[in-house]
Amino acid sequence: MLFVPPSMPFMDPLPEAEAAQQGNINLSWTDLSITSSGGSTFSPGDTAQIEATLKWWSPDGLQPMYYFNNDAELTLPNGGVEYKAFNDVSISSGPQGTLTEPNYVTFTWDKVIPTDLNPGGQYTVTFFADEDGTFAETNESDNVITGTFT
């Protein structure tokens, strides 16, 4: 909440969320890559390198400084779920971010496959962008990307 002293009646106080965003913005996942330290197969004890690429753009060409959080979750073959937070992601100011020049950020999660899950099974990894709805996006349906590996 913004406090406006009585001596400044000309100010129009805006809630912080409204004041932060100007123009249209969209965040969308473009790629999800999962590779194993063991080569072409995944075995308990190997490291799964999981990379997800988030694209964002503003058709208005606006790119103010934003910080937001993204999350990832890994569902194990036994039904357990592990989480990873990517906090305070920065979309820095600059000329990029127009419809023809999107900006990209890649998130990497190196996850050791638990050795107590033998035999292995199917793992499902999901990345979420702007899960708390910080941005009023032009398309809210492309904020999740999911992949599997065995």
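Q: Okay, starting with leucine 27: what's its bridge partner in E2?
A: That's tryptophan 56. Keep in mind that we're looking at a predicted model.

Q: How many bridges are there between E1 and E2, and which way do they pair?
A: There are 10 bridges, and the pairing is antiparallel. E2 covers residues 47–57. Another spot to look at is serine 36, which stands opposite alanine 48 in E2.

Q: Which strands are in that sheet, and in what order?
A: It's an open sheet of 3 strands, in the order E1-E2-E5, with antiparallel pairing. The edges are E1 (26–36) and E5 (103–112), and each of those pairs on one side only. From one strand to the next, the twist averages 20 degrees.

Q: And how many bridges do E2 and E5 share?
A: E2 and E5 have 10 bridges, again in the antiparallel sense. If you want one to find on screen, threonine 53 has threonine 106 in E5 as its bridge partner.

Q: Zooming out, how many helices and strands does the protein chain have?
A: The count is 1 helix and 7 strands.

Q: How much of the chain is buried?
A: Buried residues are 33% of the 150 in the protein chain.

Q: And what share of the contacts join residues at least 24 apart?
A: That's 69%, counting contacts between residues at least 6 apart in sequence.

Q: Let's switch to the rings. How many aromatic pairs are there?
A: The structure has 6 of them. One is phenylalanine 86 with phenylalanine 127, a stacked pair with 6.0 Å centre to centre and 25 degrees between the planes.

Q: Why quote both a distance and an angle?
A: Because a pair of aromatic rings is described by the distance of the centres and the angle of the planes.

Q: Where in the chain do those two phenylalanines sit?
A: Phenylalanine 86 is in strand E4 (residues 81–91) and phenylalanine 127 is in strand E6, so to speak a link between distant parts of the chain, 41 residues apart. Both phenylalanine 86 and phenylalanine 127 are buried.

Q: Which residues do the ring pairs link into a cluster?
A: Trp29, Phe86, Phe107 and Phe127.

Q: What lies over the face of phenylalanine 86?
A: Lysine 84 does, at 5.4 Å from the ring centre.

Q: New topic: threonine 126. Where is it, and is it buried or exposed?
A: Threonine 126 lies in strand E6, residues 123–129. It counts as buried because its relative accessible area is 9%, and the cut-off for buried is under 20%.

Q: What does its side chain make a polar contact with?
A: The side chain of threonine 146, at 3.2 Å. Threonine 126 also touches Asp71, Ala72, Glu73, Val144 and Ile145, leaving out residues up to four places away in sequence.

Q: So what about threonine 146: where is it, and how accessible?
A: Threonine 146 is in strand E7. With a relative accessible area of 46%, threonine 146 is partly exposed. Beyond its neighbours within four places in sequence, threonine 146 is in contact with Leu32, Thr124, Val125 and Thr126. Its C-alpha atom is also 6.5 Å from that of phenylalanine 127, 19 residues apart along the chain.

Q: You mentioned Asp71. Which strand is aspartate 71 in?
A: Strand E3, residues 66–75. Aspartate 71 is partly exposed, at 26% relative accessible area.

Q: What does aspartate 71 touch?
A: Skipping residues up to four places away in sequence, aspartate 71 touches Lys84, Ala85, Thr126, Phe127, Phe128 and Glu131. Aspartate 71 and valine 144 are 73 residues apart in sequence, with 9.8 Å from C-alpha to C-alpha.

Q: Last one: what's the phi of aspartate 130?
A: Aspartate 130 has a positive phi of about 50 degrees, although it isn't a glycine. Most residues other than glycine have a negative phi.

Q: Where does aspartate 130 sit, and is it buried or exposed?
A: Aspartate 130 is in the loop between E6 and strand E7 (144–149). Aspartate 130 counts as buried, since its relative accessibility is 3%.

Note on methods
Residues numbered from 1 in each chain as written. Predicted model: local features only at pLDDT ≥ 70, side-chain atom pairs only at ≥ 80, totals over all residues. Heavy atoms only, no water. Helix = DSSP H or I, 4+ residues; strand = E, 2+ residues; numbered from the N terminus. Buried < 20%, exposed > 50% of the residue type's maximum accessible area, 1.4 Å probe, protein only. Polar contact = N/O pair within 3.5 Å; in protein donor to acceptor, adjacent residues only side chain to side chain. Contact = heavy atoms within 4.5 Å. Pairing = 2+ DSSP bridges. Axes fitted to C-alpha atoms, helices over the stretch in contact; angles between N-to-C directions. Phe/Tyr/Trp six-rings, centres within 6.5 Å; stacked < 30°, edge-to-face > 60°. Lys NZ or Arg CZ within 6 Å of the ring centre and 35° of its normal.
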